[in-house]
Amino acid sequence: QVQLVESGGGLVQAGGSLRLSCAASGSIFSINAMAWYRQAPGKERELVASISSDLSTHYLNSVKGRFTIYRDNAQNTVYLQMNSLKFEDTAVYYCNLDVRTSIADYYDINYWGKGTLVTVSS
């Protein structure tokens with residue numbers, strides 16, 4: 001019913017920047033929380049950043065000051081601007097959205113993107 005498409009991943013050198021985007025399409029009435037997670041090889045998936053409908057944000061401590069999450073509600077899109085990238089940022093990054101799909105429903109459904117690979121060389 002709802003599809004998420006991530007883009008912006010790739011290979012960068014340490015110290016470089018990337019901007020990830022995640023666009024939602026399909027049956028969308030509104031989107032509550034938006035978030036980015038990541039999973040590095042051999043590691044558990046972790047929350048990187050989140051942004052609520054009132055624009056309050058949370059960040060993983062290790063990315064504070066380097067990453068910025070923001071959203072464009074008109075385009076149903078969430079972004080993650082990543083600066084000063086480090087080798088340890090290498091991971092598959094996943095967007096995660098809480099979506100209200102119908103005006104008749106009063107609950108959110110959680111959706112995951114397929115993931116986009118970010119590789120930081122050192």
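This is a friendly dialogue on reading selected features of a predicted model.

Q: Let's begin with covalent links. How many disulfides does a search of the whole structure find?
A: A pair of cysteine sulfur atoms counts when the two are within 2.5 Å. The search of this predicted model finds one disulfide. Cysteine 22 and cysteine 95 form it, with their sulfur atoms 2.0 Å apart.

Q: Which parts does the pair of cysteine 22 and cysteine 95 tie together?
A: Cysteine 22 belongs to strand β3 and cysteine 95 to strand β9, so the link ties together parts that are 73 residues apart in sequence. The angle about the S-S bond is 45 degrees, and the link is right-handed.

Q: Are cysteine 22 and cysteine 95 buried or exposed?
A: Buried means a relative accessible area under 20%. Both cysteine 22 and cysteine 95 are buried.

Q: Now the nonpolar core. Which residues have the most contacts inside the largest one?
A: The idea is to look for buried nonpolar residues joined through side-chain atoms within 4.5 Å. Here the largest nonpolar core has 28 residues, and Trp36, Val78, Leu80, Met82 and Tyr93 have the most contacts inside it. Elements giving two or more residues to this core include β1 (2-7), β5 (46-51) and β11 (116-121). The largest share, five residues, comes from β9.

Q: On to charges. How many salt bridges does a search of the whole structure find?
A: A side-chain nitrogen of Lys or Arg must lie within 4 Å of a carboxyl oxygen of Asp or Glu. The search finds three salt bridges. One of them pairs glutamate 46 with arginine 38, the closest N and O atoms being 2.9 Å apart. Glutamate 46 is partly exposed at 30% relative accessible area, whereas arginine 38 is buried at 5%.

Q: Where do aspartate 89 and arginine 38 lie?
A: Aspartate 89 is in the loop between β8 and β9 and arginine 38 is in strand β4, so their pairing ties together parts that are 51 residues apart in sequence. Their side chains meet in a salt bridge of 3.0 Å, N to O. Both aspartate 89 and arginine 38 are buried.

Q: What about arginine 66 and aspartate 89: how far apart are the closest N and O atoms in their salt bridge?
A: They are 2.8 Å apart. Arginine 66 sits in the loop between β6 and β7 and aspartate 89 in the loop between β8 and β9, so this pair ties together parts that are 23 residues apart in sequence. Salt bridges that share partners join Arg38, Glu46, Arg66 and Asp89 into one network.

Q: Why does arginine 66 count as buried?
A: The cut-off is under 20% relative accessible area. Arginine 66 counts as buried because its relative accessibility is 11%. Leaving aside neighbours within four places in sequence, its contacts include Gln81, Met82, Ser84 and Asp89.

Q: Last, backbone angles. Which value of phi does asparagine 76 have?
A: For asparagine 76, phi is near 50 degrees, a positive value in a residue other than glycine. Asparagine 76 is in the loop between β7 (67-72) and β8 (77-82). Serine 84 also has a positive phi, about 50 degrees, although it is not a glycine. Serine 84 lies in the loop between β8 and β9 (91-100).

Q: How many residues apart along the chain are isoleucine 28 and asparagine 76?
A: They are 48 residues apart along the chain, with their C-alpha atoms separated by 8.5 Å. Isoleucine 28 is in the loop between β3 (18-26) and β4 (30-39). Leaving aside neighbours within four places in sequence, isoleucine 28 is in contact with residues including Val2, Asn76 and Val99.

Definitions and conventions:
Residues are numbered from 1 along each chain as its sequence is written. This is a predicted model: local features need pLDDT of at least 70, side-chain atom pairs count only at pLDDT 80 or more; totals for chains, interfaces and linings use all residues. Side-chain values use heavy atoms; hydrogens and water are left out. Helices (H or I, at least four residues) and strands (E, at least two) are DSSP runs, numbered from the N terminus. Contact means heavy atoms within 4.5 Å. Buried means under 20% relative accessible area, exposed over 50%, partly exposed in between (1.4 Å probe, protein chains only).
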